[in-house]
Structures are given as structure tokens and as C-alpha cells.
Amino acid sequence: MTPTKAYSADPQTDDSYQHINVTKVGGVIGAVIGGVRVGDDVPPEVVAELRTALLRHRVVFLRDQQHATEADHAVFAGLLGSLTKPHPTVEGDGPAALAVDSETAKANRWHTDVTFVDRIPAISVLRAIVLPSYGGTTVWANTVQAYQRLHPGLKALVGELRAVHTNVYDYTAERTQIGDIDIKRQELYNELGHLEYETEHPVVCVHPETGEPSLLLGHFARSFVGLNSADFHDLFSLLQRHITRLENTVRWTWRDGDIAIWDNRSTQHCAVADYDNQRRLMHRITVAGHLSVGIKGDRSTARKGDASHYSQLV
């Protein structure tokens, strides 16, 4: 008879790891990782278990990393794979952090990072730099679980669809005030919009490491190939509603020294803009990914823009 594995008395704690501590914070997504100190000397066996936990829990959180410098952040992220440049349209040489600064923009819409290019990042590593005294939480949703919970009829429908994602928006809309912050924002929008990207992705993609089907949508999706705009908005809203159901999410309250790592291929996220005029500054580094592949074997294709300077393909 196979012996029964002894588990911790705490149902949140997973005892299957030998080198890290993993504690669930949500039913279908999210875990806190202990036993990891960010830097250039993280043992390979710790990195391997961290990656296992990331694939299992979609987003993981490291506490008490106040010691971490910009260099520590970059070298640690590099242990998870090849790094991208900060952003496809932001100037900068080599891998570096993208500043997500509330003084210039707030990423307060549900999205998967950088889906408007054909080579979507595999992993994002976000470090808290300046936090507001209240609010400013981030919410992640499990896009694998969202697909699994769809009605079989909806699964059959979305498995046939491809979506067009783009970075083109009216960056100046509803911005009439003139001041230092508005000038900074306009400068950022000009930089983000000076290159146009448009990519066609399968709506249901197969995770390259786990083989799980996942919904690839979010804020950058602007149309479904072959459907009119009204049908797109109705179906997109329905699918996004499934993705962002509260029981499919985890909400993280940041504190000094926190780092969040998420699997960009199986999640969406949204930063909650509920901290008034306080500053919130985060630094994000992303790990290069594959071309997305649909459940029928079709791949992502670039319609506009060449992202080869941004990221190598894994």
C-alpha cells in the first residue's frame, strides 16, 4: 500500500516543497512564498520550486524584500528567463524596469501585459517602490479557471475565435487640465503611442508549460476577427465577466518590501485606483515568452509593428 502523505495541519500551507514555504491566499489563485531572498545568489533548487509554485498558483508574493535594489530586481527576474526591454515603445537600452507611476498613468483596467505584440511576456515581476497610505491594491484573475468554468457551448464558440489586440488609444481624451503632472502624462502617452502595434491572437491559448487552455483577452483586445463591433462588445463583456468573477480573483494589499510575480500567460490583473492623489510607484520587469498557440494549433500573428527589438522569442 502506498503510504499516505503527511500534510500540514494548516490547509493553506503546502508541504510538498523542500526549499521554500508556500501558503495559499486564494482558492484558485495566489500564494505567499517564504524562504526566498531576492538577489543574484538564489540557489537553483529554490528557483525551480518558485517556478513550480508560480505555475500552480498563477501569482505569488514575496514579503520583506526591502533590501532589493534595482540590480537585485533585474538579476532575480533573469533567473526566471530571458528579460525583455522595459516596453515595446519606451526608449531604453537592454533589459530594465518599467516605472508604473501614478503621476503619469494608472494601470486600472483589466489586462494581460503587452498583448498587443506577438511575443507576450511569460512572467512579470513587480516591486513596490512608493506606496500610498491607503488603497492601491492589485487584483489578479485566473484565466485558466475562467475557461474551465465556461459552458461547453461557449467553449466551442471561443475556441474558434481570434482577437485583434492593439496599443492605439486616444491618449489625450478627457485631459484638459494644464500642469506639471498633466505634462508628464502627455509625454508618456506620446512615447507609448509613437509606435503602433496590432496583433491577432487566438482567444483560447494553450499554456506552453502546463498545456492548459486559457482565455487571452483584456483591455488591449479591440475586435474579434469576422465579427462586427456590437457582437464583439457583447461577447467580450460576457467573457471578461467570467474572468473577473470575484471567486476567480485574489486581491493583494501592498506593503513595503513586497514583490509580486505572476504568470502572464494565465492571468489578468488590475491596479485599483482608490488612493486619491497620493503617489504610487512600482517597477516592473518582464520575462520573454513564446508566440501564443491556440487550441487548434493556430499561432499569433503580427499585423502592425515589429517587436523583435523588444523581446527575443523563447
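Of the 314 residues in this predicted model, 48% count as buried.

**First selection: the largest nonpolar core.** Select I20, I33, L62, F76, L80, I123 and I261; among the 27 residues of this core, these touch the most other members. Next, colour the elements that give two or more residues to the core: β3 (31-34), α1 (44-57), β4 (59-62), α2 (70-78), β6 (123-130), β14 (259-263) and β16 (281-287). Which element gives the most to this core? It is α1, with 5 residues.

Centre the view on I33 and show its surroundings. Leaving aside residues up to four places away in sequence, I33 touches I20, N21, V22, L50, A53, V60, F61 and L62.

Another core, of 19 residues, lies apart from the largest one; A146, L154, V204 and F224 are among its members.

Go to the loop between α1 and β4, where R58 is found. The phi angle of R58 is near 75°, a positive value in a residue other than glycine. Is the R58 residue buried or exposed? Its relative accessibility is 6%, below the 20% limit, and R58 therefore counts as buried.

Then move to D276, in the loop between β15 (267-271) and β16. D276 also has a positive phi, near 55°, and is likewise a residue other than glycine. D276 counts as exposed because its relative accessibility is 51%, the cut-off being over 50%.

Two elements, β10 (204-206) and β11 (213-215), each give two or more residues to the lining. The space in the pocket is about 280 Å³. To finish, colour the lining by residue class: 8 residues are nonpolar, 10 are polar and 2 are charged.

Conventions:
Residues are numbered from 1 along each chain as its sequence is written. This is a predicted model: local features need pLDDT of at least 70, side-chain atom pairs count only at pLDDT 80 or more; totals for chains, interfaces and linings use all residues. Side-chain values use heavy atoms; hydrogens and water are left out. On a 1 Å grid over the protein atoms alone, a cavity is a set of points where a 1.4 Å probe fits but cannot get out, and a pocket is an open set with protein on both sides within 12 Å along at least five of seven lines; lining residues have an atom within 4 Å of a point. Grid points are joined across faces, edges and corners, and a volume is the space filled by probe spheres set on the points. Helices (H or I, at least four residues) and strands (E, at least two) are DSSP runs, numbered from the N terminus. Ala, Val, Leu, Ile, Met, Phe, Trp, Tyr, Cys and Pro count as nonpolar, Asp, Glu, Lys and Arg as charged, and the others, Gly among them, as polar. Buried means under 20% relative accessible area, exposed over 50%, partly exposed in between (1.4 Å probe, protein chains only). A nonpolar core is a set of buried Ala, Val, Leu, Ile, Met, Phe, Trp, Tyr and Cys residues joined through side-chain atoms within 4.5 Å. Contact means heavy atoms within 4.5 Å.
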